[in-house]
Amino acid sequence: MSATSSATSLWPAPTAAGPVRATVRLPGSKSVTNRALPLAALAEGPGTVRRALRSRDADLMAAALRALGAGLTPSAETASSVDWHVVPGPIRGGVSIDVGLAGTVMRFVPPIAALADGEVRFDGDAAARRRPMGPLLAALRALGAHVEGDALPCTVRGPIRGGEVTIDASASSQLVSGLLLAAARFEKGVTVRHSGPPVPSMPHIQMTVQMLREAGVHVDDGEPDVWRVEPGPIAARDLVVEPDLSNAAPFLAAALVTGGTVTVPDWPERTTQPGDALRGLLTEMGATVTRTPEGLAVTGTGRVSGIDADLHDVGELTPTIAALAALADGPSTLRGIAHLRGHETDRLAALATEINRLGGDVRETADGLEIRPRPLRGGVFHSYEDHRMATAGAVIGLVVPGVQVENIATTAKTLPEFARMWARMLEGDA
Ligand SMILES: O=C(O)C1=C[C@@H](OP(=O)(O)O)[C@@H](O)[C@H](O)C1
Ligand SMILES: C=C(OP(=O)(O)O)C(=O)O
């Protein structure tokens, strides 16, 4: 596999001088932000989304909703956070939408566009054209929309009626979430049945269902692999976005590999974010994880244990877990993650290629990775325009001198301040 980025800038990953001790405050969750904004844009009145993430993916979602007729006014803006006041408007067509490389934009916005009676065109980055969308577009067609294309670029023209549809969502949970998020506004609502190998990232579908219910939408998910959304109003709300727990992963990993402590404030007591699984995964890999008055504290010993883990439900944590596994004192097997081949890049190939380039021993399996730790050396770690590849390189660089991450700026997809936060963490705060 070759690196696809045209950007050639190299970021010298800082090596930790000793155990990291820092409190790292994470901006809002991408997944919550990019559900809260469309729900607000489809609501029956104006609402507010507080502490929303500002990042490439979140900005693309805001731009898409504006193009479709919603009013979004920012306040309390910082580099990575914003409060949005959202005023819904009639969904209008006749517009083009750039999805970038955002799975949430490419899968969540077309069903909204199908509410318009004008054509909406979608396209994105070259890598986005390779990401699975076919089952979603086929479903929109089956539910009454006129759709051209089976992947990006594509066009969608409503109005959609809704009803029952069967899809194979084994490539991405977002194919289901997208249909559910807009469905209360379909004349007949929707019943989505999944048929095929197991759907990955189920916590993300639970997040969709929970956020719909919080907005007063009736959702029945009582039967496995079937979701029914009743037609009806979506309540206007004032909600606060939780910190992004998946983006906490590289920072918490720093505690493990350096034998330090990293604390993340405002870690929710209960959440549907898959990043919450880090508490168990990092414990298995040798960390002590405690809830303190300051937040979730993760303390490492400097020694990392190998792990045998099924990451099917929490696939987006894989790059960090793989980086830790490459630095562990025993082998690891990561399974259940064949769908990562359709993420920002083929993450299984990218992780194997880049860790092996530094002297590692990573083998791709049909559904994951086998990682045998080897002494690693410095070198270029390509990011393939994948924010989580870039942060995985940063984790390795903490303890392997001379790692240079290509295109660290790609972290702007979900965490534009990553490089600054990483530097501050190493100085003792972030
Ligand atoms: O719905 C969401 O917010 C997400 C769902 C998951 O996608 P897949 O089901 O495609 O893995 C996850 O990996 C992605 O980062 C965010
Ligand atoms: C898979 C990911 O993103 P996306 O929302 O683009 O699917 C991710 O953030 O790990």
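How do the residues of the shell around ligand 2 divide into nonpolar, polar and charged? The legends below take up this question among others, and they describe a predicted model.

**View 1. The shell around ligand 2.** In this predicted model, ligand 2 is surrounded by Ala102, Gly103, Thr104, Glu316, His343, Glu344, Arg388 and Thr414. This shell divides into 1 nonpolar, 4 polar and 3 charged residues. Because domain 1 (10-26 + 243-427) and domain 2 (30-240) both give residues to the shell, ligand 2 lies between them.

**View 2. The shell around ligand 1.** Around ligand 1 there are 13 residues, of which Ser31, Ser172, Ser173, Ser201 and His204 are the closest. Two helices, H3 (103-113) and H5 (174-183), each supply at least two residues of this shell, and the shell as a whole divides into 1 nonpolar, 11 polar and 1 charged. Ligand 1 lies between domain 1 and domain 2, since both of these domains give residues to the shell around it.

View 3. The protein is divided into domain 1, which takes in residues 10-26 together with 243-427, and domain 2, which spans residues 30-240. The C-alpha centres of domain 1 and domain 2 lie 29 Å apart, and the contact between the domains takes 19 residues from domain 1 and 23 residues from domain 2. On the side of domain 1 that touches domain 2, the residues divide into 5 nonpolar, 8 polar and 6 charged.

**View 4. Asn34 and its surroundings.** Asn34 lies in helix H1, which is formed by residues 30-41, and Asn34 counts as buried because it has 30 C-beta neighbours inside 10 Å. When its neighbours within four places in sequence are left aside, Asn34 is in contact with Asp57, Ala58, Met61, Thr104 and Phe108. Among these contacts of Asn34 is Thr104, a residue that also belongs to the surroundings of ligand 2. Asn34 and Ala236, which are 202 residues apart in sequence, are 16 Å apart in space when taken from C-alpha to C-alpha.

**View 5. Helix H12 and what covers it.** In helix H12, made up of residues 418-427, the buried residues are Phe418, Ala419, Met421, Trp422, Met425 and Leu426. Seen down the axis of H12, these buried residues fall within an arc of 165 degrees, so they line one face of the helix. Arg420, Ala423 and Glu427, on the other side of H12, are exposed. The cover over the buried residues of H12 includes strands E1 (10-12), E2 (21-23) and E15 (261-264), as well as helices H7 (249-258) and H11 (387-397). Just after H12 comes Gly428, which takes a positive phi of about 115 degrees.

**View 6. Helix H10 and what covers it.** Helix H10, residues 347-357, has as its buried residues Arg347, Leu348, Ala350, Leu351, Ala352, Glu354 and Ile355. Helix H9 (318-326), helix H11 and the strands E20 (361-365), E21 (368-372) and E22 (379-381) are included in what covers these buried residues. Just after H10, Gly359 takes a positive phi of about 105 degrees.

**View 7. Confidence along the chain.** The mean pLDDT of the protein is 97, and 98% of its residues reach 70 or more. Over residues 1-7, however, the pLDDT is below 50, and this stretch has 19 contacts in the model beyond near neighbours in sequence. For the complex, the predictor gives an ipTM of 0.99 and a pTM of 0.97.

Terms used
Residues are numbered from 1 along each chain as its sequence is written. Chains are lettered from A and ligands numbered from 1 in the order in which they are written. This is a predicted model: local features need pLDDT of at least 70, side-chain atom pairs count only at pLDDT 80 or more; totals for chains, interfaces and linings use all residues. A residue is near a molecule or strand if its C-beta atom, placed from the backbone, lies within 6 Å of it. Helices (H or I, at least four residues) and strands (E, at least two) are DSSP runs, numbered from the N terminus. Ala, Val, Leu, Ile, Met, Phe, Trp, Tyr, Cys and Pro count as nonpolar, Asp, Glu, Lys and Arg as charged, and the others, Gly among them, as polar. Domain bounds come from an automatic or database domain assignment. A residue is buried if 20 or more other C-beta atoms lie within 10 Å of its own, exposed if 12 or fewer, and partly exposed in between; C-beta atoms are placed from the backbone. The arc is that of the directions from the helix axis to the C-beta atoms. Two residues are in contact if their C-beta atoms, placed from the backbone, lie within 7 Å. pLDDT is the predictor's confidence in each residue, from 0 to 100.
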